[in-house]
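Hello,

Here is the structure for you to look through. Please open it first, then read my notes below.

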Amino acid sequence: MAKQAKTLNEQELRKVLDYISTRKHAARNRALLMTTFLSGMRVGEVASLRFNDVVDSEGIVRNEIRLTPAMTKGQFARVVFVNERLRKELDKYIRFYCPVDKTMKFFYSQKKDSDGFNANTLTQHFHFLYKRAGIDGASSHSGRRSFITNLASKGVSVRVLMSLAGHRSISTTQAYIDINDNMLRSAVELA
């Protein structure tokens, strides 16, 4: 069985954000990271986003991002709900990056003549980002696993998590939840 991506705690997330703040493309990289942590989207879904998928014609970040079947792993359309914290992160990013052509990729790539990241290049980008920030075991899937685990630790039902993650099976969602000591402590306090 393949090893699962590491879920990050608040201190580890802060460490990555601190590293990002000292590097080129800080606004983009922060928005990329926070999108995975606050929406639970897969890296391929994030890479497929176009500016007009995320920002409406008035220049406002949408409350919901509609993923078409072509944008998802299972070829099933779904809605990603954008919470207030993510909306603020994306607002900061679009103040920095607002392409003239609104059909351009939402997350630009610094490579000349590129239409932005694809799933593979974004996966590699996350690998090196975590490695350089000193977080062992983290990967492009860490934000997604952390999103699901954090919501589970707050008591969100597995059925709701399954829908938010775009899974077709509860057992798939359950495999994403990383049980930790804080969750166990909270559980026994309910007894």
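Is A119 buried, exposed or partly exposed? A119 is partly exposed, with a relative accessible area of 37%. That value lies between the cut-offs of 20% for buried and 50% for exposed. Keep in mind that this is a predicted model.

A119 sits in helix 6. Beyond residues up to four places away in sequence, A119 touches V43, G44 and A47. Now look at V46. A119 and V46 are 73 residues apart in sequence. In space, their C-alpha atoms are 8.0 Å apart.

Next, the core.

The largest nonpolar core has 42 residues. V16, L33, L49, F106, F107 and Y130 have the most contacts inside this core. As background, nonpolar side chains in soluble globular proteins tend to be buried together.

Take V16 as an example. Leaving aside neighbours within four places in sequence, V16 is in contact with L8, L33, L129, Y130, A133 and I135. There is also a second, separate core of 8 residues. This second core includes I148, L161, Y176 and I177.

Now two helix pairs.

Start with helix 2 and helix 5. Their axes come within 9 Å and cross at roughly 160 degrees. Angles over 145 degrees count as roughly antiparallel, so helix 2 is roughly antiparallel to helix 5. The crossing of this pair is left-handed. From helix 2, the contact uses A27, R28, R30, A31, M34, T35, L38 and S39. From helix 5, R85, L86, E89, L90, Y93 and F96 take part. The residues of this contact divide into 8 nonpolar, 2 polar and 4 charged.

The other pair is helix 7 (residues 142–153) and helix 8 (residues 158–165). These two pack at an angle of about 155 degrees, with their axes 10 Å apart. Helix 7 is therefore roughly antiparallel to helix 8. The crossing of helix 7 and helix 8 is right-handed. Helix 7 brings R144, F147, I148, L151 and A152 to the contact. Helix 8 brings L161, L164 and A165. The contact residues of this pair divide into 7 nonpolar, no polar and 1 charged. Find I148 and L161 again here: both take part in this contact, and both belong to the second core.

Two more residues to check.

E89 lies in helix 5. Is E89 buried or exposed? E89 is buried, because its relative accessible area is 8% and buried means under 20%. Not counting residues up to four places away in sequence, E89 touches R30 and M34. Compare T72 with E89 on your screen. E89 and T72 are 17 residues apart in sequence, and their C-alpha atoms are 23 Å apart in space.

N29 lies in helix 2. N29 counts as buried, at 6% relative accessibility. Which residues does N29 contact, leaving aside neighbours within four places in sequence? N29 is in contact with I20, K24 and H125.

Best wishes

How values were computed
Residues numbered from 1 in each chain as written. Predicted model: local features only at pLDDT ≥ 70, side-chain atom pairs only at ≥ 80, totals over all residues. Heavy atoms only, no water. Core = buried A, V, L, I, M, F, W, Y, C linked by side-chain atoms within 4.5 Å. Buried < 20%, exposed > 50% of the residue type's maximum accessible area, 1.4 Å probe, protein only. Contact = heavy atoms within 4.5 Å. Axes fitted to C-alpha atoms, helices over the stretch in contact; angles between N-to-C directions. Helix = DSSP H or I, 4+ residues; strand = E, 2+ residues; numbered from the N terminus. Parallel < 35°, antiparallel > 145°, perpendicular 65-115°, else oblique. Left-handed = near helix turned anticlockwise from the far one by under 90°. Nonpolar A, V, L, I, M, F, W, Y, C, P; charged D, E, K, R; others polar.
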